Amino acid sequence: MLIAGFPAGAWGTNCYLVAPAAGEECVIIDPGHQAAQGVEEALAKHRLKPVAVVLTHGHLDHVASVVPVCGAHDVPAWIHPADRYMMSDPEKALGRSIGMPLLGELTVGEPDDLRELADGSVLELAGLEFRVAHAPGHTKGSVTFRMPEAPDGADIPSVFFSGDLLFAGSIGRTDLPGGDHAEMLESLARVCLPLDDSTVVLSGHGPQTTIGRERATNPYLREVAAGLGAGTPASRRGL
């Protein structure tokens, strides 16, 4: 499997391209602020053909390049319905904390083909399987995507695209509209804790990690595992 990732834009949001191998079809995850050029460079480098864009949530730093990327390649995008409004009104989603000079540089709105994700669904795209888990807390419509281990027994761990639910050493912020700290803790317990320690975590911001490492060292995941966590302030990483 090929996973090509790069940080994009003002917030360093990780955009990922996932394919069975170089020269094949791929899925693009979270093409955010100023990500379009990086997407095109990665497509050319690895000779990939995109078939879909999938989004972990609707914040501007994760969706700002969806319209140009989908338009350039005539592919659909997928988002949870609770975050769909953010595609057309990103300022509302951020409590209008971003000014018009920045928004004036962006093409906001929905792509021509926008589809909705559901908890527990499985997307079969580009010959790959993405298992969707609704994980509110950062936003009402936050989701994660998990790719299971190789079915042929090869020593390839599961890959978990956590969006802004779980970071290396931290979690996503919950102080923006739609954020909820109690929901974040519930999502961490329900979505992250059952995963195998070997699961590779590819987050919306920052370096990759594993569930085992976070279970042992991440203060939020440790407190959730211990049945604690109430009142612990959320991280302010990302949007």
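Leu125 touches Val27, Val51, Ala52, Val54, Trp78 and Phe130, setting aside residues up to four places away in sequence; a contact here means heavy atoms within 4.5 Å. The residue sits in strand 7 (residues 122–125). Helices (H or I, at least four residues) and strands (E, at least two) are DSSP runs, numbered from the N terminus. Leu125 has a relative accessible area of 14% and therefore counts as buried, the cut-offs being under 20% for buried, over 50% for exposed and partly exposed in between (1.4 Å probe, protein chains only). Leu125 and Cys26 lie 99 residues apart in sequence, yet their C-alpha atoms are 7.8 Å apart in space.

The model is a predicted one, in which local features need pLDDT of at least 70 and side-chain atom pairs count only at pLDDT 80 or more, while totals for chains, interfaces and linings use all residues. Residues are numbered from 1 along each chain as its sequence is written, and side-chain values use heavy atoms, with hydrogens and water left out. As for pLDDT, the predictor's confidence in each residue, from 0 to 100, the protein has a mean of 89, and 86% of its residues reach 70 or more. Two stretches stay under 50: residues 97–101, with 6 contacts beyond four places in sequence, and residues 229–236, with 24 such contacts. Where pLDDT is low, the predicted coordinates should not be read in detail.

On the whole, the protein has 8 helices and 14 strands, and 54% of its 239 residues count as buried. Among contacts between residues at least 6 apart in sequence, 62% join residues at least 24 apart.

Six strands form an open sheet with the order 1-2-3-4-5-6 and mixed pairing; two strands pair if DSSP finds at least two bridges between them. Strand 1 (2–8) and strand 6 (114–116) are the edge strands, each pairing on one side only. From one strand to the next, the twist averages 25°. Strand 4 (residues 49–54) and strand 5 (residues 77–79) run parallel and are joined by 2 bridges, with Val53 standing opposite Ala77 in strand 5. Helix 3 (residues 66–73) packs on the sheet, touching strand 3 (25–29), strand 4 and strand 5, and its direction makes about 145° with that of strand 4. Such angles run from 0 to 180 degrees between N-to-C directions, with axes fitted to C-alpha atoms, for helices over the stretch in contact.

Next come the cores. A nonpolar core is a set of buried Ala, Val, Leu, Ile, Met, Phe, Trp, Tyr and Cys residues joined through side-chain atoms within 4.5 Å. The largest has 24 residues, and Leu17, Ile28, Val53 and Val66 have the most contacts inside it. Two or more residues each come from strand 1, strand 2 (13–19), strand 3, helix 1 (36–46), helix 3 and strand 5. Beyond its neighbours within four places in sequence, Val66 is in contact with Pro31, Val53, Leu55, Gly71, Ala77, Met87 and Pro111. A second, separate core of 21 residues includes Ala52, Leu123, Phe145 and Leu202.

Strand 10 (residues 159–163) is mostly covered, with 5 of its 5 residues buried. Val159, Phe161 and Gly163 are on one side, Phe160 and Ser162 on the other. Strand 10 pairs with strand 9 (residues 143–147) in the antiparallel sense over 3 bridges, and with strand 13 (residues 200–203) in parallel through 4 bridges. Val159 has Val200 as its bridge partner in strand 13.
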